[in-house]
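Colleague: I'd like to go through this one and hear what stands behind each label you use. Can you take me through it?

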Amino acid sequence: MSEMRDILLEQVERLLADQSGPETLRAVEAGVWPAALWTEVEALGLPLAMAPEEAGGVALGWDDAVAVWVALGRAGAPVPLAESMAASALMPALGFVALAQPDGTALWGHAATRVLAGDGALHQAAFTPGKAQPSNEPWDRAALPAGEATVLAGALVNAAKMAGGLEAVLTLSVDYANVRKQFGKPIGQFQAVSQQLSQAAGEVAAAGVAVANAGRAVARRGLSGAEFEIAAAKVITGEATAQVAAVAHQVHAAIGFTQDYHLHFTTRRLWAWRDAFGNERFWAQRIGRAALARGGAKAWPDLAAREDA
Amino acid sequence: MVGLRFDLRDTPPEAPALRAELRAFLAEAGRHWSPRIRAYSWMAFDRDFSREVGKRGWIGMTWPATYGGGERSFLERYVTLEEMLAVGAPVGAHWIGDRQSGPLILRLGTEEQRREFIPRIVSGELAFAIGLSEPDSGSDLASLRTRAEKVPGGYRLNGRKVWTTNAHRCDFAITLLRTSPAPDPKLKHQGLTQLLVDLRASGIEIRPILDLAGEEGFNEITFDNVFVPDSLLIGVEGKGWEQATSELAFERSGPERYLSSLPLLTAAMDSLAEEPAAPEAVGRMLARASTLRQMSLSVAGMLQDGEAPAREAALVKDVGNDFEQALPDRIRALYAGPMPDDVAEMQTTMNMVARSYSLRGGTREILRGIIARQLGLR
């Protein structure tokens, strides 16, 4: 929890409060690059924040960066700042640096100055526009070298955005349950409703902890030394998404099923983000295989030792 | 923002050395623990084991040295608890005293009570039970009716407590009783008092109740004109509700709220290599266990800082209970054929015992009610 983090977090939250909302998110889904917002983000030096000072950054740590990405996710991440920050942490470069998956797809690829590809190198690529399902965010495709160099960073970015999105969905649902009245009282006063929201709150808290834990692990041991924690964060945020989105839509009932109301902006993004850079199964298999190979007797000592000095 | 904050904590610098010491001890002590004993773990009562634990300074680790405590940190205590639970050690004989009764006596007891009880809890000699539930008072605890009537020099108890874990094997029970009638049905939390009851006092009858797995885990206690001296009043007469519910923060905060089933996962892993669904399932369970561990550590850190994380503890217990309760079935679902004998014994026992995880220490519904209030609902 550095001072730098608090400053950046405040800047990002202020920007998002002013410039993110249903209109911005709708424009994103229509493929309109949020140029004004990105200009402000760049003016603050945010995309390069994680780069070392000699490369123009402030060497923001991964643990602090995760907090910024959670804030972005809370607002539906209208700009690919998290991706650009993570890319620049690995290969510092000016402008918007997109982060490609091993298959050559990248969020906002067509708007990128460069793209960090699976081979761990920066490229300039011609992207064919595409759309992520079901968020309609621009997931563009280019012929890029394959490889796993971006997978851990991308998984952490998306897990962090999900932790924020999950918070937003819970907040919306609690607020709605407090104002929507049926049978003469707010529906949140019915135990059948409040218990669902309590369960969702547990999942949201777990998601936040899993993501913070992964950020701390990367800050301490680097991306490859934090594979377990990143995998766990992607699994937990993915599992939480299934539960929390289900509760949110049940609590909101018909209005949440419409485009007239803004719940869908976040739930659809959560459903897209959980597939980006490896879904729950991908990451669970990876850490499960490793643990099974180590054997049952090692499982607890391995887990317990992860943060011991 | 709604929801609760869980700041990450580090394990203490002493952790590696402490773990090594604990593991060496547990490997030796645990040579003859059956899978069934490991499945019960913190509900399994083994006084000899608890005395050995006490001898090594692992009970009352955070308590003042004046009373025999170890004056170590909450996080060192946390490391000790998780090492014990991870192997399913039968810690039931000292669990309640270490977790709840000792801290309560230290916080609210008289100097005389502290000197009388704390050193003997620390040594593993005294085992405590908690007398809360009654036949007609479960989740609606404040409706309890067992009376403690003021008489010269003490109180006279009449009534019944039920589901009191290991009472027939314990020495004392911190018991919540009605000392004066509620002034109004809506003010039933008033007039309750906590007394330290000697379970061998005359007029007490303890009837073990067989649980569904065949163990005498809990009991019904009948009080028939039982005399309890004034010297065994805990805290303030009439303030029992506030005292007992603050104790629940301790009860709900520990790693037993997510680790109870872990010994089954680790025991099963070596026979799952050929099962195709195993890597994903094991990965998901380890991801949960790791996350719950960080949440639980966070709560231990709040206790270390002198906070009273009652709502955070309720949330971690609720999420943890879901995980540990589902685990036995998730393990079973991974085997196409029969489970190896050891795994089967633990799985079938744990599957039954796991029903109690979301009941004891506050039902799932009560916990979610606490979380709902925190969210600003109701």
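Colleague: Which residues of H5(A) are buried, and what makes a residue count as that?

Modeller: A residue is called buried if 20 or more other C-beta atoms lie within 10 Å of its own, exposed if 12 or fewer, and partly exposed in between, with C-beta atoms placed from the backbone. In H5(A), the ones that pass are A:Leu81, A:Ala82, A:Glu83, A:Ser84, A:Met85, A:Ala86, A:Ala87, A:Ser88, A:Ala89 and A:Leu90. That is 10 of the 10 residues of H5(A), so the rest of the structure largely encloses it. Bear in mind that this is a predicted model, where local features need pLDDT of at least 70, side-chain atom pairs count only at pLDDT 80 or more, and totals for chains, interfaces and linings use all residues. Residues are numbered from 1 along each chain as its sequence is written, while chains are lettered from A and ligands numbered from 1 in the order in which they are written.

Colleague: What do the buried residues of H5(A) pack against?

Modeller: They pack against helix H3 (35-43), H4, E1, strand E2 (105-107), E3 and H6 of chain A. As for the labels, helices (H or I, at least four residues) and strands (E, at least two) are DSSP runs, numbered from the N terminus.

Colleague: What makes strand E1 (97-99) and strand E4 (122-123) of chain A edge strands?

Modeller: Three strands of chain A form an open sheet in the order E1-E3-E4, with mixed pairing. E1 and E4 of chain A each pair on one side only, which puts them at the edges. Two strands count as paired if DSSP finds at least two bridges between them. Strand E3 (residues 114-116) of chain A and E4(A) have two bridges and run antiparallel, so the pair meets that cut-off. A:Leu116 has A:Leu122 as its bridge partner in E4(A).

Colleague: And which domains is chain A divided into?

Modeller: Chain A has domain 1 (3-141) and domain 2 (151-298), with bounds that come from an automatic or database domain assignment. Their centres, taken over C-alpha atoms, are 21 Å apart. Each of the two supplies 27 residues to the contact between them; two residues are in contact if their C-beta atoms, placed from the backbone, lie within 7 Å. On the domain 1 side, helix H2 (22-29), helix H4 (62-74) and helix H5 (81-90) of chain A each bring at least two residues. H4(A) gives the most there, with 10 residues.

Colleague: How do the residues on that side of domain 1 of chain A divide into nonpolar, polar and charged?

Modeller: There are 17 nonpolar, six polar and four charged. Nonpolar means Ala, Val, Leu, Ile, Met, Phe, Trp, Tyr, Cys and Pro; Asp, Glu, Lys and Arg are charged; the others, Gly among them, are polar.

Colleague: Why does the radius of gyration of chain B agree with a compact globule?

Modeller: Because 378 residues in a compact globule would have a radius of gyration near 21 Å, and chain B has 21 Å. The radius is taken over C-alpha atoms, and the globule rule is 2.2 Å times the number of residues to the power 0.38. The C-alpha trace of chain B spans about 70 × 45 × 45 Å along its principal axes, and 54% of the 378 residues count as buried.

Colleague: What pLDDT does chain B average?

Modeller: Chain B averages 95, and 99% of its residues score at least 70. pLDDT is the predictor's confidence in each residue, from 0 to 100.

Colleague: What makes helix H9 (residues 262-269) of chain B mostly covered?

Modeller: Eight of its eight residues are buried, including B:Leu262, B:Pro263 and B:Met269.

Colleague: Which residues cover both faces of strand E1 (residues 128-131) of chain B in the buried count?

Modeller: B:Phe128 and B:Ile130 are buried on one side, and B:Ala129 and B:Gly131 on the other. E1(B) also pairs in the parallel sense with strand E4 (residues 172-178) of chain B, over four bridges. There, B:Ile130 stands opposite B:Ile174.
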